[in-house]
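Thanks for coming. I will go through one structure today, starting with a pair of helices and ending with the cavities. Please have a look at it first.

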Amino acid sequence: MAVVAWPIGLAVWANGKVQHTPALSGAANTPGTTYLLTGSDSRADGAVGEDGTEGARTDTILLLHVPDSGPTALISLPRDTYVDIPGHDPSKLNAAFSWGGAPLLVQTVEGLTGLTVDHYAEIGMAGVEQIVDAVGGVNLCHDANVNDPDSGMVWVAGCHDVAGEQALAFARMRKADPTGDVGRAERQRQLIGAVMGKVKPSQLLFRPTQQVALIDAGTQALTVSDETGIVDMGRLALAFRAANGADGITGTPPIASIDYRPGGNVGSTVLLDPDLAPAFWVAIADGSLPAGPVGGMPGA
């Protein structure tokens, strides 16, 4: 009876802890399941000190798509991607979040990719620390020395075991990286892969204390769309694992320029390749893109 009751009780308890927010657009469904994950740059949780910038921000925008058949894809959308934003002039993708929160960001991503977002999840910076600490730390690699005061990343070239605070700095660093947002996106995906590598269902099965710690950290860290429950969050984790595996797809859309300047007050933006990006999104949607890394710096 205990063997049956424990997972049922755990699921009911976990579902009651999930935090929700209105996010989805109500657009017609597209094939497969699409998740949009963002990293909120709010200082409200105390993980990072205030820097004087007002308004909501997101430095991490990840599109995770599970097609009806074919490889699962985890695609980083650079925050400075130049896009059409419903009800506004074209601007950086991050501006959609600043101007209209999750609902406007979802609509903007749907217009960019042609994929309807089925589930939205937002993680705060303190949440990153909590989840990394809950899995006992992770091993991360970076091939350059870094001393970046903005992110707090201090790194000696190579691979190191790190706890939550260092992992957060690793994922946030951008200014000391010559590849900017593209490099930051690579480190964010590396961090996700490292966390997934520490969460093995076969090992967790006989560790109820770690099960509770992970669920507690995850539900505190994440805010999800109203229609998303604990089962959907579990599927999200499995999809992350699949995308980061040998049979998954990780990377960015095709990029034409990381310093496209459209004029006005927009400044420097990331321009997706207008010739290659439309076919890329179709291939992601229907699962016809081969497994492996995609995108990266222009010409990579």
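Helix α4, residues 164–172, packs against α5 at an angle of about 145°, and their axes are 7 Å apart. Axes here are lines fitted to C-alpha atoms, for helices over the stretch in contact, and angles run from 0 to 180 degrees between N-to-C directions. Helices (H or I, at least four residues) and strands (E, at least two) are DSSP runs, numbered from the N terminus.

A word on the source. This is a predicted model, where local features need pLDDT of at least 70 and side-chain atom pairs count only at pLDDT 80 or more, while totals for chains, interfaces and linings use all residues. Residues are numbered from 1 along each chain as its sequence is written, and side-chain values use heavy atoms, with hydrogens and water left out.

Which residues make the contact, meaning heavy atoms within 4.5 Å? From α4 they are Ala 167, Phe 170, Ala 171 and Arg 172, and from α5 they are Arg 184, Arg 187, Gln 188, Gln 190 and Leu 191. By class that is 4 nonpolar, 2 polar and 3 charged. Ala, Val, Leu, Ile, Met, Phe, Trp, Tyr, Cys and Pro count as nonpolar, Asp, Glu, Lys and Arg as charged, and the others, Gly among them, as polar.

Helix α4 is mostly covered, with 7 of its 9 residues buried. Buried means under 20% relative accessible area, exposed over 50%, partly exposed in between (1.4 Å probe, protein chains only). Among the buried residues of α4 are Gly 164, Leu 168 and Phe 170.

Next, a strand residue. Thr 34 sits in strand β2, residues 33–40. Thr 34 is buried, at a relative accessible area of 0%. Beyond its neighbours within four places in sequence, Thr 34 is in contact with residues including Leu 63, His 65, Val 117 and His 119.

Last, the cavities. How many cavities of 30 Å³ or more does the structure hold? There are 2. A cavity is a set of points on a 1 Å grid over the protein atoms alone where a 1.4 Å probe fits but cannot get out, and lining residues have an atom within 4 Å of a point. Grid points are joined across faces, edges and corners, and a volume is the space filled by probe spheres set on the points.

The largest cavity has about 60 Å³ of space. Its lining includes Arg 184 and Gln 188.

Conventions:
On a 1 Å grid over the protein atoms alone, a cavity is a set of points where a 1.4 Å probe fits but cannot get out, and a pocket is an open set with protein on both sides within 12 Å along at least five of seven lines; lining residues have an atom within 4 Å of a point. Contact means heavy atoms within 4.5 Å.
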